[in-house]
2 protein chains.
Amino acid sequence: MSTQAPATIEDVARLAEVSIATVSRAIHNPEKVAKSTRQRVNQAIAITGYTTNAMARSLRMGRSNMILVLAPDIGDPNFSSILIGLENEARAHGYGVLIGHTQNDPERGLEYLKFLNSNQADGLLLFTGHEPFGHQEMTQRLPPTVAVFEPVFGSRVPYVGVDDTAGARKAAEYLLASGHRSIAFIGDSKTRLGHLRRRKGYDLALDAARIAPAQRLVVDGEGTIESGRLAVEQLFMRDTLPTAFMCVNDATAIGVMNGLAARGYDLPRDFSVIGFDDVPQATYMTPALTTVRQPRSAIGRQAMALLLENLTQPLTEQREVLIMPDLVVRGSVTMPGKR
Amino acid sequence: MSTQAPATIEDVARLAEVSIATVSRAIHNPEKVAKSTRQRVNQAIAITGYTTNAMARSLRMGRSNMILVLAPDIGDPNFSSILIGLENEARAHGYGVLIGHTQNDPERGLEYLKFLNSNQADGLLLFTGHEPFGHQEMTQRLPPTVAVFEPVFGSRVPYVGVDDTAGARKAAEYLLASGHRSIAFIGDSKTRLGHLRRRKGYDLALDAARIAPAQRLVVDGEGTIESGRLAVEQLFMRDTLPTAFMCVNDATAIGVMNGLAARGYDLPRDFSVIGFDDVPQATYMTPALTTVRQPRSAIGRQAMALLLENLTQPLTEQREVLIMPDLVVRGSVTMPGKR
DNA sequence: CGATGCAATGTAAACCTTTACATCATCTGT
DNA sequence: ACAGATGATGTAAAGGTTTACATTGCATCG
């Protein structure tokens with residue numbers, strides 16, 4: 001009794017004294033089967049504990065009702081709350097979500113491609129900022145795909161994410177409104193589309209405030225804590241310090257704050273810092289980090305909605321959905337010049 | 001050309017001028033097929049771009065070569081590095097890993113049970129500290145299961161995790177060796193097995209140091225940042241302060257540090273704090289948190305190894321694998337009495 | 001040379017569903 | 001009373017794979 005084979009549709013049919021076809025119909029098209037029969041079938045299902053074998057079902061139907069979400073790093077603080085949005089939306093449409101963890105390993109990527117090729121998932125959601133790997137050859141065979149959180153560089157994959165430009169502009173405008181005129185941008189990049197756009201938001205705000213490009217301090221960085229710390233060192237070398245640091249993301253901002261603290265400065269008295277993303281850690285910094293909040297669950301929800309739409313009707317012209325973020329005011333920005 | 005159906009084993013067979021049986025053998029038992037045939041088959045596979053349809057394979061074989069990992073919160077900082085250990089070990093044995101995100105929602109748990117019942121996974125790894133839900137009825141039908149990181153309360157599910165008692169004892173001994181005699185334990189619990197054990201390690205160390213139980217300050221807590229902050233307040237109310245805080249985990253320790261800082265104390269001069277887990281954030285606290293490091297990848301690796309073993313030979317007597325953690329010395333512990 | 005065994009390959013069943021089509025009974029309208 | 005429609009159910013094929021068993025050809029041995 002402990003290890004009996006799971007019940008099949010045939011067991012149910014026998015018990016309910018109908019054919020397997022009727023059982024299948026009773027489950028999926030209840031209105032097509034007489035009420036009395038339906039009851040008998042349901043009873044039989046309850047008795048046997050039958051669950052339909054997803055393998056057989058997918059094989060027959062040619063689809064799995066599963067969406068694969070590919071992420072390089074599950075630990076990314078942005079990931080989990082976006083995932084919740086994705087899952088909720090998927091579930092509402094009868095789809096399940098599988099999470100693929102690539103660890104930025106191309107071999108992993110390839111493994112998951114096999115997964116897709118063998119029909120184990122009907123759609124693909126990319127959290128990675130790039131295609132599963134070398135991106136030609138097999139890419140043509142990819143199922144409907146949507147990029148989320150980070151656009152796929154140099155590709156026409158539809159994208160759902162935050163409005164980076166508008167968000168960054170909000171942040172910069174807040175610094176300006178607080179009285180800052182010397183605002184550094186930390187974390188400039190040539191390759192990451194989202195970061196490019198944040199830079200653009202910064203420029204737009206400063207343009208509007210008539211701050212000459214020559215007066216803007218811009219430091220490169222890859223968006224890590226370490227890069228933020230490094231940027232501070234660099235500015236000290238150059239001996240040109242702003243009154244406020246606008247960081248391309250929260251990780252950079254944390255690095256900047258650490259770097260300034262290590263140099264003995266008192267925040268937010270001596271410098272203002274603003275981030276982007278609103279990672280969980282932002283609340284627990286001293287001072288708590290003022291930042292732009294990613295509308296994570298909205299992003300997740302809409303990305304999944306777009307993907308599911310593309311699934312049934314695969315030629316959407318919609319290429320980008322940008323969601324407007326809010327500024328979260330905490331303690332890391334003050335008026336300048338109190339020093 | 002864009003949307004052609006994926007190649008099946010039959011396409012390969014036709015092209016290689018053999019039967020489908022031979023193709024299957026060439027893939028899975030290469031030694032059973034003549035060298036020349038094997039070459040022809042491989043060529044045909046390359047040309048057609050054939051990948052075996054996992055659905056059909058699983059259906060036929062009665063197993064999926066997949067392991068389901070159930071976690072209530074993907075965002076848990078402990079989760080991602082354990083996952084890497086799990087994945088690596090699984091992969092080495094030809095298994096894939098699916099991640100299930102329950103969000104502590106019983107309905108989700110149920111959904112994943114269906115997943116298991118329909119043979120979409122051969123084994124179950126619980127990261128949750130409890131069974132997929134109400135834990136009777138369907139539990140009997142569960143595939144081989146192993147709990148990881150947190151034991152399943154009141155159940156005989158095999159468990160792989162850190163040696164809480166030994167780790168906590170190490171921490172307490174380190175405080176003692178640093179000269180502390182008045183050490184509070186923050187985060188006592190009656191229900192969480194791992195936390196109970198940490199408490200025990202604390203007691204063992206203090207027993208050995210001949211510190212009377214009456215002199216030990218023990219404060220309840222559920223292991224959150226908030227609970228740590230609260231515990232500090234409570235101690236201030238009682239007006240009995242230790243020189244060192246031994247916290248049941250890092251989250252609690254962070255709360256304690258925040259609480260002390262909010263009261264205006266200077267750490268680590270005024271108080272010493274030690275944690276348990278070594279979450280990523282521990283490095284970025286000021287002072288950096290001295291703590292006990294979870295041997296995460298080892299835990300992941302061994303948990304998966306145990307599960308896969310149970311898969312083929314399902315009656316292991318081994319019920320618990322405890323892995324010894326190391327102390328990570330940073331800046332949050334100093335000698336007492338400098339105040 | 002005939003029997004025996006082995007290596008290489010093929011044939012066909014089985015895994016469990018879904019669903020187009022066939023069948024049958026019953027009802028409607030004339 | 002009968003043609004035809006309608007509704008409920010059954011039959012059987014198909015989906016792609018693995019594998020037990022059958023077949024074939026060939027070499028080995030007495």
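The legends below describe close-up views of a predicted model.

**View 1. The open parallel sheet of chain A.**
In chain A, 6 strands form an open sheet, and their order across the sheet is β2-β1-β3-β4-β5-β11. The pairing of these strands is parallel. β2 (96-101) and β11 (320-323) of chain A stand at the edges with a single partner strand each, so one side of each has no neighbour in the sheet. From one strand to the next, the twist averages 20°.

**View 2. Strand β5 of chain A and its partners.**
Strand β4 (residues 145-148) of chain A pairs with β5(A) in the parallel sense, over 2 bridges. Here Val148(A) stands opposite Val160(A) of β5(A). Strand β5 (residues 159-162) of chain A also pairs with β11(A), again in the parallel sense, over 4 bridges. Val160(A) stands opposite Val321(A) in β11(A), and Gly161(A) has Leu322(A) of β11(A) as its bridge partner. In a regular strand, side chains alternate between the two faces of the sheet.

**View 3. Helix α8 of chain B and its surroundings.**
Helix α8 of chain B comprises 16 residues, numbered 193-208. From its first C-alpha to its last, α8(B) reaches 23 Å, which is close to the 22 Å expected at 1.5 Å a residue. Buried residues in α8(B) include Gly194(B), His195(B), Arg197(B), Arg198(B) and Gly201(B). Tyr202(B), Asp203(B), Ala205(B) and Leu206(B) of this helix are buried as well. The buried residues of α8(B) pack against the strands β5 (159-162), β6 (183-188), β7 (217-220), β8 (244-247) and β11 (320-323) of chain B, and against helix α7 (164-177) of chain B. After α8(B) comes Arg210(B), which has a positive phi, near 60°.

**View 4. The largest cavity.**
The count comes to 2 cavities of 30 Å³ or more. The largest cavity has a volume of about 120 Å³. Its lining consists of 15 residues. Those nearest the centre of the largest cavity are Met55(A) and Gln120(A) from chain A, with Met55(B), Phe115(B) and Gln120(B) from chain B. Two elements give two or more residues to this lining, namely α4 (54-61) of chain A and α4 (54-61) of chain B. α4(A) provides the largest share, with 3 residues.

Key: Residues are numbered from 1 along each chain as its sequence is written. Chains are lettered from A and ligands numbered from 1 in the order in which they are written. This is a predicted model: local features need pLDDT of at least 70, side-chain atom pairs count only at pLDDT 80 or more; totals for chains, interfaces and linings use all residues. Side-chain values use heavy atoms; hydrogens and water are left out. Two strands pair if DSSP finds at least two bridges between them. Axes are lines fitted to C-alpha atoms, for helices over the stretch in contact, and angles run from 0 to 180 degrees between N-to-C directions. The expected span of a helix is 1.5 Å times one less than its number of residues. Buried means under 20% relative accessible area, exposed over 50%, partly exposed in between (1.4 Å probe, protein chains only). Contact means heavy atoms within 4.5 Å. On a 1 Å grid over the protein atoms alone, a cavity is a set of points where a 1.4 Å probe fits but cannot get out, and a pocket is an open set with protein on both sides within 12 Å along at least five of seven lines; lining residues have an atom within 4 Å of a point. Grid points are joined across faces, edges and corners, and a volume is the space filled by probe spheres set on the points.
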